[in-house]
Amino acid sequence: VGYDMASASLKIAKTEVRKSLKKAIMSLSASERHQQSMALCRKLMATSAYQSSKRVSVFLSMKDEVDTSPIVLDVLNSNRSLYVPWYDSDSSLMKMLRVLSLDDYDSLPMTSWNIKQPASEGVSQYM
């Protein structure tokens, strides 16, 4: 019972943090959001862990999130392996699938949440 209560409390806290962050991000102008995203991406890409990585997993962002496209472009332009989430809403299954090239990335369809994601019928080509 204690574990269930702790789990529920953590879930509520995470929801509140997400709401607070979303509100803070939405209060930024488009220019400020872009500048903050670029600063965060530069900071990540300057780390030794990122620089020495051969495979990188990254979420593909919505307009109200940190723009991860600079990371996507850097990984693909440096001949490393890029993995992005593929989510099946029917089964709640999530897999990290490989995007092979910039052409693959550019051709990813948009989901109903307005996020690029490999199409369900073409999932095997990204694995």
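Q: What makes a run of residues a helix or a strand here?
A: Helices and strands are DSSP runs, numbered from the N terminus: a helix is H or I with at least four residues, and a strand is E with at least two. Ser 81, for example, sits in strand 2.

Q: What kind of model is this, and how are its residues numbered?
A: It is a predicted model: local features need pLDDT of at least 70, side-chain atom pairs count only at pLDDT 80 or more, and totals for chains, interfaces and linings use all residues. Residues count from 1 along each chain as its sequence is written, and side-chain values use heavy atoms, with hydrogens and water left out.

Q: How do you know how confident the predictor is?
A: Look at pLDDT, its confidence in each residue, from 0 to 100. The chain averages 86, and 91% of the residues score at least 70. Confidence is lowest in helix 1 (residues 2–26), with a mean of 82. It is highest in helix 3 (residues 48–51), at 97.

Q: What pattern does the chain follow along the sequence?
A: The order is α-α-α-β-α-β-β-α. That comes to five helices and three strands.

Q: How do you know whether the span of helix 2 agrees with its number of residues?
A: The expected span is 1.5 Å times one less than the number of residues. Helix 2 (residues 30–45) has 16 residues, so it should span 22 Å. Its end C-alpha atoms are 22 Å apart, which agrees.

Q: Why is Ser 81 called buried?
A: Buried means under 20% relative accessible area, exposed means over 50%, and partly exposed lies in between (1.4 Å probe, protein chains only). Ser 81 has 12%, so it counts as buried.

Q: Which residues of helix 2 are buried, and what puts them on the same side?
A: Arg 33, Ser 37, Cys 41 and Met 45 are buried. They cover an arc of only 95° around the axis, so they share one side of helix 2. The arc is that of the directions from the helix axis to the C-beta atoms. On the other side, Gln 35, Gln 36, Arg 42 and Lys 43 are exposed.

Q: Why is the pair Glu 16 and Lys 19 called a salt bridge?
A: A salt bridge needs a side-chain nitrogen of Lys or Arg within 4 Å of a carboxyl oxygen of Asp or Glu. Here the N to O distance is 3.8 Å, and the pair counts. The two are three residues apart in helix 1, so about one helical turn separates them. Glu 16 is partly exposed, at 44%. Lys 19 is exposed, at 53%.

Q: What makes Arg 80 and Asp 74 a salt bridge?
A: Their side chains meet at 2.9 Å, N to O. Arg 80 has 14% relative accessibility, so it is buried. Asp 74 is partly exposed, at 29%. The whole structure holds two salt bridges.

Q: What makes the pair Ser 81 and Arg 98 a polar contact?
A: A polar contact is a pair of N or O atoms within 3.5 Å; within protein, one must be able to donate a hydrogen and the other to accept it, and residues adjacent in sequence count only if both atoms are side-chain atoms. The side chains of Ser 81 and Arg 98 make theirs at 3.2 Å.

Q: What makes a set of residues a nonpolar core?
A: Its members are buried Ala, Val, Leu, Ile, Met, Phe, Trp, Tyr and Cys residues, joined through side-chain atoms within 4.5 Å. The largest has 16 residues. Leu 60, Ile 71, Val 72, Leu 82 and Tyr 105 have the most contacts inside it. Helix 4 (69–77) gives the most to this core, with four residues.
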